Every structure is written in structure tokens, then in C-alpha cells.
Amino acid sequence: MLAIIAEFGVFTVGGDTMNVLVCSVNGRVLPYMGVVYDGYLLVEVADSDGGQAIKEGLIYKEGSFFTPPVDVDELKAEALTQLYKEFVSRRDAVRWVKCSDGNTYGFDCLAEDRSNFMQAYTPLLVDKAGTTLYKVWLTETTKGVVHLTYEDMKTTYETVRDSQFGDYAWFEELRTKIRNCTTVEELEAVV
């Protein structure tokens, strides 16, 4: 058995050992790579304990490893980031709309695509009639240019708008719930 004396106290290690770096401020454990950084202490621990501590992000204090306290604000920030990514994916997804020729076409919905759509739709909107050529998804893998009527463009506009409003409402509801969470349990119930 080997006795180690460190700023955190005295403890013993038996069997295979390894060196780890322990932050003197928060006890975070890092692998020792031959250099002891300012603010870190070199501590010898059992191989299995040290490996597990590094892998699981454990904290070392007073001769023991333990799980660090969970910061609900950090978890909320992560949840909000993931929520926003999912929202963008939903908002920008291709919308499939059945048109007057009996076919269902896919319409791209990125910001640039919405702008292009409005440029094609506006002249028809002013006249409340006419047709325009527009590039759409004919299948999930093939794009092509088709003639679309004013009614097709109007239906597409309304379908995309309503769908995206639904995406915004979903996002706002969950964002508000996440922001209002004060505990990890509340956050887990939301996400």
C-alpha cells in the first residue's frame, strides 16, 4: 500500500496506480500527460478509479471521487440549444403541397427559398390570377420546373405559413417551459 499526502488529505492506494491532475479550485480530474499545470495537483490514485473519474467527469476531494453537482442552468442552456436546432430543422423542412394538376410537389423553405417564392408569388397575388414557372421537388430526390397557378401558389403560401406558425408556437411553448425550470427534475419532465 502506498500513502499519498496531498492538499486534499491522506489516503492509501493499493495495486496498480496512475497519476491524475486535480484542479485545486473545483476538484475536476484530468489525465496526467507529463505536465502539471498551474492550479492543478498531481495525485496518484488506483488505475480503475482514475480512469473512471476521467471518463465520467468526477470530482476529487478529501481522498474520494464523487459526481459533481448538476448545474441546472448549464442543462437548460444545452436543452435550449438542442431545441433551437430542432426548431430550425422543422421550420426549414420541405413542405409537400397538392396542386391543381393533381400532383404533390415539395417546396424548399429555407429563408432564401421563402424569398424566392415570394418573388414568384407577388405578381400573381397582385393580379389574383395567372401562372408562373417554379422549381419544386417532383420526388424526394428529383427537382424540376412546373407551371403553378395563382391558386397553387396561394395554397402553398398558406400551407407553409400555417406549418411554420405551428413550428414557432411549438418552439415558443417549449422554450418558455425550459426557461422556467428551476430543478433538473422539472427540466427532465419537459425535455
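**Exercise 1.** Which residues in α3 are buried?

The model is predicted, so to speak of ground rules: local features need pLDDT of at least 70, side-chain atom pairs count only at pLDDT 80 or more, and totals for chains, interfaces and linings use all residues. Numbering runs from 1 along each chain as its sequence is written, and side-chain values use heavy atoms, with hydrogens and water left out.

- Step 1: buried means under 20% relative accessible area, with a 1.4 Å probe and protein chains only.
- Step 2: helices are DSSP runs of H or I with at least four residues, strands are E runs of at least two, and both are numbered from the N terminus.
- Step 3: in α3, that gives D113, F117, A120, Y121 and L124.
- Step 4: these buried residues pack against β9, β10, β11 and α4.

**Exercise 2.** Find what F117 touches.

- Step 1: contact means heavy atoms within 4.5 Å.
- Step 2: skip residues up to four places away in sequence, and you're left with F107, Y134, M153, T156 and Y157.

**Exercise 3.** Where in α3 does a kink lie?

- Step 1: about 35° turns up at Y121, shortly before the proline P123.

**Exercise 4.** Is Q164 buried or exposed?

- Step 1: locate Q164 in helix α4.
- Step 2: its relative accessible area is 9%, so Q164 is buried.
- Step 3: leaving aside neighbours within four places in sequence, Q164 contacts R91, R95, C109 and R114.

Terms used:
Bend = angle between axes of the 7 residues up to and from the residue. Buried < 20%, exposed > 50% of the residue type's maximum accessible area, 1.4 Å probe, protein only.
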